[in-house]
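Subject: Structure handover

Hello,

Here is the structure you asked for. Please open it alongside this note, and my findings follow below.

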Amino acid sequence: MNKQSLFKLATPLLAIAVISGCSDDDDDEEIVIEPLMRSYEVQVVNLTPNQPLSPVAALVHDSTIQAWMLGSPAIVPLEVMAEGGDNSQLLAIEGLWASASGAGVIMPGASETMMLEFEDSVDLNLTLATMLVNTNDAFTGLNSWSIDQLAVGDSWSATTNVYDAGTEANSETAATIPGPAAGGEGYAEARDDVDRVYVHAGVISADDGLTDSALSFSHRFDNPAMKITITRIE
Amino acid sequence: MNKLKFALPAAVMLAAGASANAAQLEISVQNLTHGIHFTPLIIAAHPGDVYMYQTGEAASAALQAMAEGGDISMLEAALDGMPVLSNPAGGLLAPGASTTPMMLDTGEMTYLSLTGMLLPTNDGFVGLDRWMIPSEPGTYTVYLKGYDAGTEANDEIINGGGMSGVPGIPVAPGGDGGTGASGVTSTELNTTVHIHPGVLGDFDPAGGVSDLDPSAHRWLNPVAKLTVTVQ
């Protein structure tokens with residue numbers, strides 16, 4: 001199952017510059033300067049057994065922006081995505097060069113291919129983030145990877161670990177897990193975990209003794225959880 | 001089995017490397033776990049034929065003392081004469097915490113290794129085995145895994161047992177351990193250094209099979225992030 005989605009420039013710069021001829025000349029000269037564009041194909045594959053991934057947030061930004069930092073409290077946009085799968089606040093972070101959402105939920109074993117196209121610049125970094133929806137606040141992704149490393153035609157592939165946003169206790173109760181395993185609440189404002197991003201310790205599940213858990217053995221996961229392949233097209 | 005492996009006497013190694021480039025490294029370590037502390041870390045630069053541990057091989061007595069009780073004095077003694085950063089956190093490194101970046105002059109040494117006990121576990125440790133020090137200046141990130149020294153059964157009983165050969169876990173530094181566990185197992189099936197399978201735990205803080213808590217003490221790899229800046 002492959003989906004396509006189009007990534008468009010979010011920051012409208014001077015896309016086309018028009019220089020008109022001098023006023024004392026009736027011949028209007030028009031010089032159209034096309035901006036240099038970059039385009040990338042980003043494929044993600046869900047490697048988990050039973051954790052659908054929420055629509056991927058793809059962010060292009062300079063290195064002053066970090067969607068998360070291990071050991072530090074999650075920013076609210078990340079918390080909202082990690083607890084409920086809603087990527088809209090991440091996509092709206094101020095100062096992004098460009099941003100786009102994946103087309104939809106990526107089921108276990110499925111993949112999605114996104115085409116990302118935006119204007120050239122310096123210091124461009126790619127961040128990808130998506131929630132493992134049958135958890136309290138687990139997410140996986142790519143944290144500010146410099147896409148300047150890729151020449152046209154080159155590819156880079158990596159696998160990603162699962163992080164815990166640290167904003168919601170891993171109670172695993174039906175009321176707190178938004179995915180199909182439970183259908184509970186997504187984002188909640190309260191922070192009742194350690195309030196720092198860390199490497200997720202995995203889910204326990206009812207099958208392993210957490211009697212209140214809405215999860216079963218099938219919802220367990222290990223690292224890595226997602227495979228990413230980035231190819232620079234232009 | 002009881003010593004670090006040295007293929008060459010230290011004096012020979014120091015003399016032989018005279019033409020290599022000395023490197024100044026700035027090193028910090030971050031604990032990425034949810035609820036596991038690291039006991040004092042030992043970080044060393046050394047030649048490629050020296051190691052603190054090797055997967056698939058029995059632990060040395062020095063590694064066993066570190067992994068079962070957090071005692072790095074035997075590793076320090078075995079690494080005498082080599083560039084070593086000992087106990088950079090000045091004690092336990094708490095979950096989420098990072099050590100203050102510290103300098104290590106690696107001299108002519110080409111490899112970097114690290115160990116520190118995972119607490120509370122029986123003989124789990126965070127490890128880095130012979131990472132080649134890059135010659136190109138820059139900042140490098142290495143994610144580290146949790147290993148099992150293979151020297152003690154993972155009974156998950158917190159009883160103060162930290163001496164080599166004594167069963168049990170010394171302490172749960174987070175104050176979140178249980179008591180009265182009967183023990184998960186009394187055998188260690190793989191007696192060589194291997195990837196730690198993680199802990200089982202149970203939800204009975206005053207009994208059951210384990211004194212560990214699945215909600216507090218489990219982890220998945222990686223357990224630590226090592227940041228090295230080659231200057």
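Start with Leu142(A). Leaving aside residues up to four places away in sequence, Leu142(A) touches Leu126(A), Thr127(A), Leu128(A), Thr160(A) and Ile228(A). Keep in mind that this is a predicted model. Leu142(A) sits in strand S9 of chain A. Is Leu142(A) buried or exposed? The cut-off for buried is 20 or more other C-beta atoms within 10 Å. Leu142(A) has 21, so it is buried.

In chain A, 6 strands make an open, antiparallel sheet, ordered S6-S5-S8-S9-S11-S12. Its edge strands are S6 (98-101) and S12 (198-199) of chain A, and each pairs on one side only. Helix H1 (residues 76-84) of chain A packs on the sheet. H1 touches strands S5 (57-61), S8 and S9 of chain A, and its direction makes about 40° with that of S8(A). Strands S8 (residues 125-131) and S9 (residues 138-146) of chain A are antiparallel partners, with 6 bridges between them. One of the residues involved is Leu126(A), whose bridge partner in S9(A) is Trp145(A).

The buried residues include Leu78(A), Met81(A), Glu79(A) and Glu83(A). Their cover includes S5, helix H2 (88-91), S8 and S9 of chain A. Gly85(A) follows the helix, and its phi is positive, near 80°.

Next, the nonpolar cores. The largest has 91 residues. Among those with the most contacts inside it are Leu78(A), Met81(A), Leu128(A), Phe139(A) and, from the other chain, Met66(B). Another core, of 7 residues, lies apart from it and includes Ile177(A), Ala181(A), Ile204(A) and Leu215(A).

The contact takes 17 residues from chain A and 17 residues from chain B. On the chain A side, 7 are nonpolar, 7 are polar and 3 are charged.

Chain B has some backbone points to check. The peptide bond from Leu119(B) to Pro120(B) is cis, with omega near 5°. Pro120(B) lies in the loop between strands S6 (111-119) and S7 (124-132) of chain B. The bond from Asn221(B) to Pro222(B) is also cis, with omega near 0°. Pro222(B) is in the loop between helix H4 (214-217) and strand S10 (224-230) of chain B.

Two residues other than glycine have positive phi values: Asn87(B) at about 55°, and Glu156(B) near 65°. Asn87(B) is in the loop between strands S4 (84-86) and S5 (102-105) of chain B. Asn87(B) has 17 other C-beta atoms within 10 Å, so it is partly exposed. Glu156(B) lies in the loop between strands S8 (138-148) and S9 (194-195) of chain B. Glu156(B) has 27 C-beta neighbours inside 10 Å, so it counts as buried.

Last, the record. An unreviewed UniProt entry lists "domain: Spondin" for residues 36-153 of chain B. That stretch is 13% helix and 36% strand, and its end C-alpha atoms are 19 Å apart.

Best wishes

Methods: Residues are numbered from 1 along each chain as its sequence is written. Chains are lettered from A and ligands numbered from 1 in the order in which they are written. This is a predicted model: local features need pLDDT of at least 70, side-chain atom pairs count only at pLDDT 80 or more; totals for chains, interfaces and linings use all residues. Two residues are in contact if their C-beta atoms, placed from the backbone, lie within 7 Å. Ala, Val, Leu, Ile, Met, Phe, Trp, Tyr, Cys and Pro count as nonpolar, Asp, Glu, Lys and Arg as charged, and the others, Gly among them, as polar. Two strands pair if DSSP finds at least two bridges between them. Helices (H or I, at least four residues) and strands (E, at least two) are DSSP runs, numbered from the N terminus. Axes are lines fitted to C-alpha atoms, for helices over the stretch in contact, and angles run from 0 to 180 degrees between N-to-C directions. A nonpolar core is a set of buried Ala, Val, Leu, Ile, Met, Phe, Trp, Tyr and Cys residues joined through C-beta atoms within 7 Å. A residue is buried if 20 or more other C-beta atoms lie within 10 Å of its own, exposed if 12 or fewer, and partly exposed in between; C-beta atoms are placed from the backbone. UniProt positions are given in the numbering used here, feature names are shortened, and annotations may be inferred rather than shown by experiment.
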